[in-house]
Amino acid sequence: MPDSTAVDIASLDTPGLAAALEALGQPAYRTRQLVAWLYARLAPDFEAMTDLPAALREALSEYCTLTHPTLVETQRSADGTRKYAWRFADGTVVESVGIPTGDRLTVCFSTQAGCVMGCTFCATGRGGFVRNLHPGEMAWQVTLVGRDFGMRASNAVAMGQGEPFLNYEATLGGLRLMRSKDGLGIGARHLTISTSGVIPGIERLSTEPEQFTLAVSLHSAVQATRDRLMPGTRRWPLVALRDTLIDYTQRTGRRPTLEFALIAGENDTPAEVTALADFAGGWMCHVNLIPVNPVPGTGAARPTDVRVAEVAALLTRRGIETSVRVERGTDIDAACGQLTQRHRTGSG
Ligand code: SAH
Ligand code: SF4
């Protein structure tokens, strides 16, 4: 039995697992075996890892704990999207979403339980912050959703609950477990991080060797509006955000997406759209317009389809690459911004 000082195996990223195995006198290739057992093959315990030496399995069982998240609830949308609530060993609950498209499966996973940023239109932001997730807790969400669909996830997006760059190390560790051929084998370009605009995180990501995809939640290019909609982002002003993003494109050669949830009468006005065009103009980005998803109590309403199309046309005329997101899973509150902490009391 593990004692109370035992390490939660999910808290270790790949270098952490390698260091633990090295401390147990193991050769380097054992790390790959362990990653495969944990995140591809979903071994329920160390004993099940039959190609590891018995003494190692015993040592791992003594020094580490391995507890898969348990499924609290699944909801299925008419469009095939499924939403999951998972409970970790300490009782913390998070949600993930599986979105099938033809032979592809995109998994939207959470990086934190709750979020400190407090965006007014987002169900997660309204619920407050609980804790950071571990790398293995992120990878497990993706593997478990894939298993439920009977297929491997082809894409994973850090667009569930939480601000990934306020849990930078663990998020990168989680993405690397997903990318690893021993883990989930998802190509870096098919792994996306969405940030509300945490500048130090964007800068750091531009120095990483992998070609992870970056999305930034903009939602307004007018400082006063953005301060109101996304109060947690006030310390990273728009002018600095734009400079950081331009620098990111120059360093990486990659095109970030600017996510813009259109809220009627709030950020779809002519002045807002002009500011958005000015922000996005002249550098390599892509604007993704998302008609806001309903979240009770926020009062944020969707613009008409006509207005959404007008905004898209205006941006395109200004030479900005623009798309309109077709939301999935709205009927089960699985769409962007609809993930909550409602399960967190543990009542399920
Ligand atoms: N915290 C990160 C990632 C998770 S949110 C971030 O904010 O980027 C995923 C996306 O959904 C973000 O672009 C977020 O701004 C957006 N979003 C939040 N609430 C929404 C809502 N009610 N309707 C549409 N998009 C929403
Ligand atoms: Fe947090 Fe993103 Fe929701 Fe804002 S939109 S509260 S940053 S999860």
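Let's start with the sheet: 10 strands make an open sheet, ordered β3-β4-β5-β6-β9-β10-β11-β12-β13-β14, with mixed pairing. Strands here are DSSP E runs of at least two residues, numbered from the N terminus, and two strands pair if DSSP finds at least two bridges between them. At the edges sit β3 (70-76) and β14 (321-324), each pairing on one side only.

A word on the source: this is a predicted model, where local features need pLDDT of at least 70 and side-chain atom pairs count only at pLDDT 80 or more, while totals for chains, interfaces and linings use all residues. Residues are numbered from 1 along each chain as its sequence is written, chains are lettered from A and ligands numbered from 1 in the order written, and side-chain values use heavy atoms, leaving out hydrogens and water.

Now let's visit Thr195, in strand β10 (residues 191-195). Is Thr195 buried or exposed? Thr195 counts as buried because its relative accessibility is 1%; buried means under 20% relative accessible area, with a 1.4 Å probe and protein chains only. Its side chain makes a polar contact of 2.9 Å with that of Glu163 (a pair of N or O atoms within 3.5 Å; within protein, one must be able to donate a hydrogen and the other to accept it, and residues adjacent in sequence count only if both atoms are side-chain atoms).

Val216 is the bridge partner of Thr195 in β11.

Finally, ligand 1: a polar side-chain atom of Ser217 lies 2.6 Å from one of the ligand's oxygen atoms, and for His219 that distance to an oxygen atom is 2.4 Å.

Key:
Helix = DSSP H or I, 4+ residues; strand = E, 2+ residues; numbered from the N terminus. Buried < 20%, exposed > 50% of the residue type's maximum accessible area, 1.4 Å probe, protein only.
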